Amino acid sequence: MDCDDCLDKLYTFLDKELAPTERTAVAQHLSDCGDCEDNFGFEERFLEVLRDCGTADIAPRELRERVAERLRRTPPPPTL
Ligand SMILES: [Zn+2]
């Protein structure tokens with residue numbers, strides 16, 4: 001599994017909809033790859049926030065992915 005694969009499966013992994021073999025592969029990659037682990041932590045927190053707001057069930061996955069994508073791309077504040 002490479003990083004693209006891992007990102008691809010991240011949401012399914014978080015939704016616990018992955019087949020056991022794929023879960024193992026993702027978990028393995030996360031423990032090997034710091035970048036993906038960070039990403040995973042971010043997505044996990046994001047989903048937690050959605051759950052806390054009570055919107056996790058009503059927000060379609062597409063929307064969640066779009067919001068997460070935007071958050072991820074938000075450039076850091078400029079340093080002056
Ligand atoms: Zn990776």
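Guide: Helices here are DSSP runs of H or I with at least four residues, and strands are runs of E with at least two, numbered from the N terminus. Please keep in mind throughout that this is a predicted model.

Visitor: Which pattern does the chain follow when read along the sequence?
Guide: With secondary structure assigned in that way, the chain comes to four helices and zero strands. Read along the sequence, the pattern is therefore written with helix symbols, since runs of H or I are what count as helices. That pattern is α-α-α-α.

Visitor: With which residues is Phe40 in contact, leaving aside its neighbours within four places in sequence?
Guide: Phe40 is itself a member of the largest nonpolar core, a set that also includes Leu10 and Leu30. A contact requires C-beta atoms, placed from the backbone, to lie within 7 Å. Once the neighbours within four places in sequence are left aside, the contacts of Phe40 are Leu10 and Leu30.

Visitor: Is helix 1 parallel or oblique to helix 2?
Guide: Helix 1 and helix 2 pack with their axes 10 Å apart, at an angle of about 120 degrees. Because angles of 65 to 115 degrees count as roughly perpendicular and those over 145 as roughly antiparallel, the relation of helix 1 to helix 2 is oblique.

Visitor: How many of the residues in the contact of helix 1 with helix 2 are charged?
Guide: From helix 1, the residues Cys6, Lys9 and Phe13 meet Glu22, Arg23, Val26 and His29 in helix 2. Divided by type, the residues of this contact include three nonpolar and one polar, and the number of charged ones is three.

Visitor: Is Ala27 buried or partly exposed?
Guide: Ala27 lies in helix 2, and its C-alpha atom is separated by 8.9 Å from that of Phe13, which is 14 residues apart from Ala27 along the chain. A residue is buried if 20 or more other C-beta atoms lie within 10 Å of its own, and exposed if 12 or fewer do. Because Ala27 has 14 C-beta neighbours inside 10 Å, Ala27 counts as partly exposed.

Technical notes: Residues are numbered from 1 along each chain as its sequence is written. This is a predicted model: local features need pLDDT of at least 70, side-chain atom pairs count only at pLDDT 80 or more; totals for chains, interfaces and linings use all residues. A nonpolar core is a set of buried Ala, Val, Leu, Ile, Met, Phe, Trp, Tyr and Cys residues joined through C-beta atoms within 7 Å. Two residues are in contact if their C-beta atoms, placed from the backbone, lie within 7 Å. Axes are lines fitted to C-alpha atoms, for helices over the stretch in contact, and angles run from 0 to 180 degrees between N-to-C directions. Angles under 35 degrees count as roughly parallel, over 145 as roughly antiparallel, 65 to 115 as roughly perpendicular and the rest as oblique. Ala, Val, Leu, Ile, Met, Phe, Trp, Tyr, Cys and Pro count as nonpolar, Asp, Glu, Lys and Arg as charged, and the others, Gly among them, as polar.
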